[in-house]
Amino acid sequence: MSILRIAHYPEPVLLTVGKPVLEDEFNADLESLVGDMFETMYEAGGVGLAAPQVFESRRLFVMDVPDEEGNSKKLTLVNPEIISVEGEQVGEEGCLSFPGLFQTVQRQMRVIVRAQDVKGRELEHDLRDLAARCVLHETDHCDGIVFLDRMSALKRQLAKRKIKALQKTGKWE
Ligand SMILES: [Zn+2]
């Protein structure tokens, strides 16, 4: 396995709609990509990572939001499709493609998502709280949407100013 390079905003790949993973692409190459994505995510200290964030413009992501007991909950969602959402939550969100930037984002509290696993099996997941936030954030990445787009206009202006300052530190490239 290997650590992949993470795309930082505003890399064009982050703003591009990912291609669906086709039936004949559920193979060893996909499993290897997923393995590398998990390793890259853990190394970077994230709870979710989408393929466009590692320069693969495809609709898939990995996540691991531990349960209340702290047990690892590894999930691979390929071709994710949000089936339904309910409620709302407001909380601080970060993104590995925006190193050092944390902003309050409003999301739904619960999400039902249909996706394929790495073997191509179709599954439905019913998730809440941080796991729901993560699914919504990562599904957005698959669609070329970044969390900046989910902020109010005022917060987005503030975030863009912070990004400029962070870019000057040299840690952003
Ligand atoms: Zn992100």
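These legends describe close-up views of a predicted model.

Residues are numbered from 1 along each chain as its sequence is written, and side-chain values use heavy atoms, with hydrogens and water left out. Because the model is predicted, local features need pLDDT of at least 70 and side-chain atom pairs count only at pLDDT 80 or more, while totals for chains, interfaces and linings use all residues.

**View 1**
The zinc ion has three named protein donor atoms: SG of C95, NE2 of H137 and NE2 of H141, at 2.0 to 2.2 Å. Donors are N, O and S atoms within 2.8 Å of the metal (3.2 Å for Na, K and Ca); water is not among the atoms, so sites may look incomplete. Along the chain, the donors of the zinc ion follow the spacing C-x41-H-x3-H. C95 sits in the loop between β4 (89-93) and β5 (103-107), whereas H141 belongs to helix α2, and the two are 46 residues apart, a link between distant parts of the chain. Helices (H or I, at least four residues) and strands (E, at least two) are DSSP runs, numbered from the N terminus. C95 counts as buried at 9% relative accessibility, and H141 is buried too, at 1%. Here buried means under 20% relative accessible area, exposed over 50%, and partly exposed in between (1.4 Å probe, protein chains only).

The side chains of R133 and E93 form a salt bridge, with 2.5 Å from N to O. R133 is in helix α2 and E93 in strand β4, so this pair ties together parts that are 40 residues apart in sequence. A salt bridge is a side-chain nitrogen of Lys or Arg within 4 Å of a carboxyl oxygen of Asp or Glu. R133 is buried at 5% relative accessibility, and E93 is buried at 4%. Both residues take part in a network of salt bridges that links E93, R107, R133, D140 and R150. In the whole structure, a search finds twelve salt bridges.

K119 and E31 meet through their side chains in a salt bridge of 3.1 Å, N to O. K119 lies in the loop between β6 (110-116) and β7, and E31 in helix α1, so the pair ties together parts that are 88 residues apart in sequence. E31 is partly exposed, with a relative accessible area of 37%. In another salt bridge, the side chains of R121 and D117 are 2.7 Å apart, N to O. Of this pair, R121 counts as exposed at 51% relative accessibility, whereas D117 is buried at 12%.

**View 1. A patch of negative charge on the surface.**
E23, D24, E81 and E122 gather in this patch. Patches are made of residues with over 30% relative accessible area and no salt bridge; like charges are joined within 9 Å, and nonpolar side chains (Val, Leu, Ile, Met, Phe, Trp, Tyr) within 5 Å. Asp and Glu count as negative, Lys and Arg as positive, and His and the chain ends are not counted. E122 counts as exposed, at 61% relative accessibility.

Y9 and P10 are joined by a cis peptide bond, with omega about 5 degrees. P10 is placed in the segment before α1 (28-44). N79, a residue other than glycine, has a positive phi near 55 degrees. N79 is in strand β3 (residues 74-86) and counts as buried at 17% relative accessibility. D129 is not a glycine either, and its phi is positive, about 50 degrees. D129 lies in helix α2 (residues 129-142) and counts as partly exposed at 43% relative accessibility.

V105 is found in strand β5 and is buried, with a relative accessible area of 1%. V105 and Q89 are 16 residues apart in sequence, and their C-alpha atoms are 8.4 Å apart. E92 is placed in strand β4 and counts as exposed at 60% relative accessibility. E92 and T104 are twelve residues apart along the chain, with 4.2 Å between their C-alpha atoms.

Note on methods
Areas by Shrake-Rupley, 256 points an atom, 1.4 Å probe, with all protein chains shown as cover. Charge placed at Lys NZ, Arg CZ, Asp CG, Glu CD.
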